[in-house]
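Biologist: I would like to learn how to read helix packing, pockets and cavities in a model. Where do we start?

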Amino acid sequence: MAAIFSCHSCSSLFTNSKSSLFNNRKHSINYIRLSHSPNNASVRRFRPICSSQNPNRLQSTDKQIDRFSGVKECVLSVALTIGLITGVPSLSYPSNAGAVTPALPDVAVLISGPPIKDPGALLRYALPIDNKAIREVQKPLEDITDSLKVSGVKALDSVERNLKQASRALKQGKSMIIEGLAESKKDHGIELIGKLEVGMEELQKIAEDRKRDAVIPKQKELLQYVGGVEEDMVNAFPYEIPEEYQNMPLLKGRATVDMKVKVKDNPNLEECVFRIVLDGYNAPVTAGNFVDLVERHFYDGMEIQRADGFVVQTGDPEGPAEGFIDPSTEKTRTIPLEIMVEGEKAPVYGATLEDIGLYKAQTKLPFNAFGTMAMAREEFENNSGSSQVFWLLKESELTPSNANILDGRYAVFGYVTENEDFLADLKVGDVIESVQVVAGLDNLVNPSYKIVG
């Protein structure tokens, strides 16, 4: 039976089929859970929907969500919809929704969250460093983005205040910042600090001259220097990976990849290159697995397999396999669920944060940004990720920052940092022409792609 959820404050209906998000290869459905049938014995995973290929396939009737007229008015529908797309068991209720009081998370949690949605900022804050001085320089520079949301000259007045705060923090904390640099990277870090000082003076002149359009490019440049200094504070990989995962491909640091997609049936976009930064500091197994597959050219020529307004997904190979078959073992290679919690020194493996009772814990790599990249998996098998990945097309009503139920359930391992907005233009059937590592390949250890076979 299909269950239909509606809200008078919303203009859409949410429909889900009688099945889990994972089914066998003859009846493929969505990787993000729509509902679960405990009597379905053939629960598998991941494959994209294509009702025209097999009349017996279970067809999802998810619709793109129209704009909400108000978060508070729609919070019940939002919560239910989040459940539909995130693997939370669907909440059933009678047709009169107003009389129902289902067990929902705290409403305040659902509609709140930290404001950081910029992928670059998220990556900077996710670095494994503890240097208050550089963070005090970083924050006012990040805050320039919010200052520019104000209209008129007041915005530039705020930018000047942000800049003065950052300059003062750099002057007062410079010695502490230099002390925090890894010895092997100190010369490079000092060079970046010098560029940062000069750049701040240039931004000060831009603000004084009221050249508003020139602020953001210069801010981005300064934050790149800050991020570089912070990366130069990381001396070595900061923790031991559990023994059972130490022989897997691991990304001990960060890597950058370019994903080139050929776009079909779109006169405004023929092809697009998405730059993605993969964070092995916080997800070494997940990111390492992906980089290893990239080097095998696993994704080259593969189609986009889901694009429904919630996510863009790919990674399901042709044939009966639903993940990467390692030729050295002739078995599907799977990886553990891997989630780094704010304040912890190593990730949680093999369990969701809900499983271990960390309901309010913040993740180091949250689903905050449009284009957040994560590993798909079977809903009830935490350690079942293989090759299928997805990018979140963030809508704040459905995925409030750090309170969206995706956090702590799926392993985030990177963010699209360039051209992320074009993810929303991708459609099923668009082809990934290539994915190439353009930086950080030397951070990959145990690369299985180098093994013969």
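Modeller: Start with a contact, meaning heavy atoms within 4.5 Å. I134, R135, V137, Q138, L141 and E142 in α4 meet Q219, L222, L223, V226, V229 and E230 in α8. These residues divide into seven nonpolar, two polar and three charged; Ala, Val, Leu, Ile, Met, Phe, Trp, Tyr, Cys and Pro count as nonpolar, Asp, Glu, Lys and Arg as charged, and the others, Gly among them, as polar. The model is predicted: local features need pLDDT of at least 70, side-chain atom pairs count only at pLDDT 80 or more, and totals for chains, interfaces and linings use all residues. Residues are numbered from 1 along each chain as its sequence is written, and side-chain values use heavy atoms, leaving out hydrogens and water.

Biologist: At what angle do the axes of α4 and α8 cross?

Modeller: Two packed helices are described by the angle between their axes and the distance between the axes. The axes of α4 and α8 cross at roughly 160 degrees and come within 10 Å (lines fitted to C-alpha atoms over the stretch in contact, with angles from 0 to 180 degrees between N-to-C directions). α4 is therefore roughly antiparallel to α8, a label for angles over 145 degrees. Their crossing is left-handed, that is, the near helix is turned anticlockwise from the far one by less than a right angle. Helices here are DSSP runs of H or I with at least four residues, strands are runs of E with at least two, and both are numbered from the N terminus.

Biologist: Which residues in α4 and α6 meet?

Modeller: On the α4 side they are A133, I134, E136, V137, P140 and L141, and they meet N162, L163, Q165, A166, A169, L170, G173, M176 and I177 in α6. By class, this contact has eleven nonpolar, three polar and one charged residues. The α4 and α6 axes are 8 Å apart, at an angle of about 165 degrees. α4 is therefore roughly antiparallel to α6, and this crossing is left-handed.

Biologist: How far apart are the axes of α6 and α7?

Modeller: The axes of α6 (residues 153-180) and α7 (residues 186-208) lie 10 Å apart, and the packing angle is about 160 degrees. These two helices are therefore roughly antiparallel to each other. The contact includes L156, V159 and L163 of α6 and I190, I193 and L196 of α7. Its residues divide into 13 nonpolar, two polar and five charged.

Biologist: What volume has the largest pocket, and which residues lie nearest its centre?

Modeller: On a 1 Å grid over the protein atoms alone, a pocket is an open set of points with protein on both sides within 12 Å along at least five of seven lines, a cavity is a set where a 1.4 Å probe fits but cannot get out, and lining residues have an atom within 4 Å of a point. The largest pocket has a volume of about 1300 Å³, the space filled by probe spheres set on points joined across faces, edges and corners. Of its 37 lining residues, D118, P119, G120, A121 and R124 lie nearest the centre. α8 gives the largest share of the lining, eight residues. By class, the lining has 13 nonpolar, ten polar and 14 charged residues.

Biologist: How many cavities of 30 Å³ or more are there?

Modeller: The count comes to four. The largest cavity has a volume of about 70 Å³, and its lining includes N282, E338, F367 and Y410.

Terms used
Angles under 35 degrees count as roughly parallel, over 145 as roughly antiparallel, 65 to 115 as roughly perpendicular and the rest as oblique.
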